[in-house]
Amino acid sequence: MKLITSKDNDLIKHVRSLSDKKTRKEFFEFVVEGARWIYDALNINNVECVSILLKNSKKNEFLSHLEKVLDNLTKVVLVDDNIFEKLETTENGQGIIAVFKQNLKNGIPKGSKILFLDQVSDPGNLGTIIRTACGAGYNDIVLNNCTDPFSPKSSRASMSALLKVSLYDSGIDILDRLKETHQIIAASIDGTSMYELSITAKKLCLVIGNEAHGISPQIKLLCHEFISIPTQNIESLNAAVSAGILMYMLR
């Protein structure tokens, strides 16, 4: 198994370059850290792992498990401790990093429960929403001018749910098509209480807007209904919390 001892190694430079959104988009790849995230992802069908980097001093903690989930270890490389530590972005890193292919799709989602995210800008919120959507059975997620779901902060928050859902990096054109087949329900503080809203269709699409400005005017024109979460003492909830409550409520 190869041991990388130079910071100028091509793989090391490539992994470091994936911290940039433009490079992630160019190569259609992203980097994740942590054993649980990586182990879960390796067990997902149709997920492509490009490479796995192990901190040399911690290799024995991971190799036995990787041998069980990989056909071979050709994608696994060892990295000198000093070099590896410069690649980690989290405190108290575990000593394992992986590069995966992104899973963005084209076309129109076909699921009966779809989540449409309009300009969600906080990476932590986006990752949390994706993880919650996966758990709630909203396996099709449309991203309209949102922050990059494959950024380190967003991918950490989403965990391996990021690769378990179908992500569509598109926008208003998809929602325009979905309004013919789905009941489009948008979260809004001025909407009907979630306890009173009538769900009339077998297929629905929940729209969550920007943390500060809500849903954009163009998107509002395509929505059939507006739904709100009754609150006490405060005007509104965090976007990720609101999305979670409404996804489960609308099930």
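Which residues point one way from β2, and which the other way?

1. E29, V31 and E33 point one way from β2, while F30 and V32 point the other way, and all are buried (under 20% relative accessible area, with exposed over 50% and partly exposed in between, for a 1.4 Å probe and protein chains only). In a regular strand the side chains alternate between the two faces of the sheet.

2. The model is a predicted one, in which local features need pLDDT of at least 70, side-chain atom pairs count only at pLDDT 80 or more, and totals for chains, interfaces and linings use all residues. Residues are numbered from 1 along each chain as its sequence is written, and side-chain values use heavy atoms, with hydrogens and water left out.

3. Because five of the five residues of strand β2 (residues 29–33) are buried, the strand is largely enclosed by the rest of the structure. Helices (H or I, at least four residues) and strands (E, at least two) are DSSP runs numbered from the N terminus. β2 pairs with strand β5 (residues 96–101) in the antiparallel sense over five bridges; two strands pair if DSSP finds at least two bridges between them. V32 stands opposite A98 in β5.

4. Helix α3 (residues 35–42) has six of its eight residues buried, so the helix is largely enclosed by the rest of the structure. The buried residues are A35, W37, I38, Y39, A41 and L42. They pack against β2, β3 (49–55), α4 (59–69), β5, α7 (152–158) and α8 (161–164), where contact means heavy atoms within 4.5 Å.

5. An open sheet is formed by seven strands in the order β6-β9-β8-β7-β11-β10-β12, with parallel pairing. Its edge strands, β6 (104–105) and β12 (225–228), each pair on one side only. Strands β10 (residues 183–193) and β11 (residues 204–208) are joined in the parallel sense by four bridges, and A186 has V207 of β11 as its bridge partner.

6. Helix α6 (residues 123–136) and helix α11 (residues 239–250) have axes that come within 9 Å and cross at roughly 10°. Axes are lines fitted to C-alpha atoms, for helices over the stretch in contact, and angles run from 0 to 180 degrees between N-to-C directions. The angle therefore makes α6 roughly parallel to α11 (under 35 degrees; over 145 is roughly antiparallel, 65 to 115 roughly perpendicular and the rest oblique).

7. α6 lies across β7 (113–118), β8 (140–144) and β9 (166–168), at about 170° to β7. α11 lies across β7, β10, β11 and β12, at about 165° to β11.
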